[in-house]
Amino acid sequence: LNMAVWLARSENTVASARIAVGPAGPVPRRATEVEEYLTGQPWSEALVTAALERLRTTARFRSSPRRANADYRHHLGGVLLEDVLATAWQRTNEMENTL
């Protein structure tokens, strides 16, 4: 499982978000429900927690006979989202401070 996040910020608010998850199915897909939820929200730990719940309830991870089952992918998707969101937010802060 892998995940990529792109964030734009406006002060302490998520101005825009793009999240890609793969392989959640036959091909990578965007987590548009999570993106929409994050956009326009002030950054906080509660926001990240709510985004994790949104991913867990909307993502349709599948089981693979040669790889991980759906339950493990749901767990790992949450771990990855938390990590990549924190990293992306930190990088937007670093970019803002260098401009």
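Is Arg 29 buried, exposed or partly exposed, and what is its relative accessible area? In this predicted model, Arg 29 has a relative accessible area of 28%, so it counts as partly exposed. Arg 29 turns up again below, in the sheet and in a salt bridge.

## The sheet

Let's start with the strands. There are three of them, arranged as an open sheet in the order β1-β2-β3, with antiparallel pairing. The edges are taken by β1 (2–10) and β3 (29–30); each has a single partner strand, so one side of each is left without a neighbour in the sheet.

Strand β2 covers residues 13–22 and runs antiparallel to β3, to which two bridges join it. As a general point, strands of a sheet pair through backbone hydrogen bonds, either parallel or antiparallel.

## Two salt bridges

Side chains of opposite charge can pair when their charged atoms come close. Searching the whole structure gives two salt bridges.

One of them links the side chains of Arg 29 and Glu 33, at 3.6 Å from N to O. Glu 33 is partly exposed, with 29% relative accessibility. The other links the side chains of Arg 30 and Glu 35, at 2.7 Å from N to O. Arg 30 is partly exposed at 41% relative accessible area, whereas Glu 35, at 4% relative accessibility, counts as buried.

Now for the rings. The count of aromatic pairs comes to one. The partners are Trp 43 and Trp 89: their ring centres are 4.6 Å apart and their planes lie at 5°, so the pair is stacked. Trp 43 belongs to the loop between α1 (32–38) and α2 (45–58), while Trp 89 sits in helix α3 (residues 70–98), so the pair ties together parts that are 46 residues apart in sequence.

Both of these tryptophans, Trp 43 and Trp 89, are buried.

In soluble globular proteins, nonpolar side chains tend to be buried together. In this model, the largest nonpolar core has 23 residues, and those with the most contacts inside it are Val 5, Leu 7, Ile 19, Leu 38 and Leu 81. Strands and helices both contribute: β1, β2, α1, α2 and α3 are the elements that give two or more residues to this core.

Leaving aside residues up to four places away in sequence, Leu 81 touches Met 3, Val 5, Ile 19, Val 34, Ala 51, Leu 52 and Leu 55.

Notes:
Residues numbered from 1 in each chain as written. Predicted model: local features only at pLDDT ≥ 70, side-chain atom pairs only at ≥ 80, totals over all residues. Heavy atoms only, no water. Pairing = 2+ DSSP bridges. Helix = DSSP H or I, 4+ residues; strand = E, 2+ residues; numbered from the N terminus. Phe/Tyr/Trp six-rings, centres within 6.5 Å; stacked < 30°, edge-to-face > 60°. Buried < 20%, exposed > 50% of the residue type's maximum accessible area, 1.4 Å probe, protein only. Core = buried A, V, L, I, M, F, W, Y, C linked by side-chain atoms within 4.5 Å. Contact = heavy atoms within 4.5 Å. Salt bridge = Lys/Arg side-chain N within 4 Å of Asp/Glu carboxyl O.
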